[in-house]
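Hello,

Here is the structure for you to look over. My notes follow below it.

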Amino acid sequence: MRLLTRAAAASTLAATALLAPSTAAHAAALTCGGSAAPAFGTAAPDASLNAKFTSYGNSNALLDDWTGGDSTYSVKLPDGRTVFGFSDTFLGKVNADGSRPLTVADGGTTPFVNNTFVVRSAGGSLTGTAHGGTAANPTALLPPSDASHVYWAGDMTVNGSEIQQPYREYKVGSGDLNVTWDRNVLARFSTSDLNRPTSVTSLPSATGVMWGSALLRDGGYTYVYGTEDLGSGGKHMYVARVAGTDLRGTWSYLAAGGTWSASEAAAVEVLGGVSNEFSVSKRGNFYILLTQDTKDAFSAQIDTYLSCSPAGPFTGEKTVYNTPEGGPFGSYGDGDVYTYNAHAHASLTTANNLVVSYNVNSLDTTQGPTKDVYRDVSIYRPRFVDVPVAG
């Protein structure tokens, strides 16, 4: 099951166990510019958004539409539409019992592609899936350079009349989890034609940092956050920035002593224990880093950190939600199901509420229709959560 192996490998990379102990600080509460830190309330599932994606995924109105995917970034366009960016994506039909047919690669009818968009109208309805190829033969928005590579999505930003989105290119080997990061690229899409990029260009990649884990526009810059994934050595956050909103501009990197350097090699680690995907958002004088905790194996914890600067340091780790789906005691009662790559959505967040998504997947290696992601379409779909915030 070649393509599903890639999906499982991608998700495992995103949720790799980091066995170092927690380093959460217990210092006095942070203040920024004289303001007290924001307070987070009790998080709960966003019933409306979850229902919209369930209804859209199950509709069978078209058979080249989204029925499940991961990554789940988003950006709001000037015309009011919201575009969700997904990595590995199931298209096609959902059966009446909530299962899906096997993928084309496994001898079935379900298309499976490595990146897509789902569009939400200004009125809030999910209106369509953007992919490459044709309705009869859909392909990824960014087709791989060859059969041994895939592109997985990074965060998204708007520059004038275009979406700019970093992607990570991975090389896929012969083993189940033999997936190796290769390089970063930038794809640009016209907001009037989301089905094909206008250009794909290289991004900095010399140091092994996967740039594009999160993007933030602030103070005349676009901050670009990246993850260095060292396997058993942990996952570490780095920060770069570019003046303005065009990621093709000149990058500088947060270096020692809080300086900015033109050399990618000078970039210094800001924080450990982050995920391959996360978010940084601004609230008043504070910057909120939200990430799935990766200091423990397949952690269900979604944590926040705070800073007075978009470049950190980020402190005050706080768990704001524990995902209920994963592990043998989770809502699926299946030891193979796990959750990963949580981030907040600036496109959906309101004054008193952070809207957060996380992904659900399974390590099940069963062959055939009883495999978790075939027998139950809900397993490979994001969940949305509301995190109340005040201050």
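**Pocket and cores**

The largest pocket has a volume of about 550 Å³. A pocket here is an open set of points on a 1 Å grid over the protein atoms alone, where a 1.4 Å probe fits, with protein on both sides within 12 Å along at least five of seven lines. Volume is the space filled by probe spheres set on the points, which are joined across faces, edges and corners.

This is a predicted model: local features need pLDDT of at least 70, side-chain atom pairs count only at pLDDT 80 or more, and totals for chains, interfaces and linings use all residues. Residues are numbered from 1 along each chain, and side-chain values use heavy atoms, without hydrogens or water.

The pocket lining has 26 residues (each with an atom within 4 Å of a point). Ser 74, Leu 215, His 345, Ala 346 and Ser 347 lie nearest the centre. Strand E25 gives the most, 5 residues (strands are DSSP runs of E, at least two residues, numbered from the N terminus).

Now the largest nonpolar core. It has 28 residues. Such a core is a set of buried Ala, Val, Leu, Ile, Met, Phe, Trp, Tyr and Cys residues joined through side-chain atoms within 4.5 Å. Buried means under 20% relative accessible area (1.4 Å probe, protein chains only). Phe 40, Ile 302 and Val 356 are among those that touch the most other members. E29 gives the largest share, 5 residues.

A second, separate core has 19 residues, including Val 75 and Tyr 167.

Best wishes

Definitions and conventions:
Helices (H or I, at least four residues) and strands (E, at least two) are DSSP runs, numbered from the N terminus. Buried means under 20% relative accessible area, exposed over 50%, partly exposed in between (1.4 Å probe, protein chains only).
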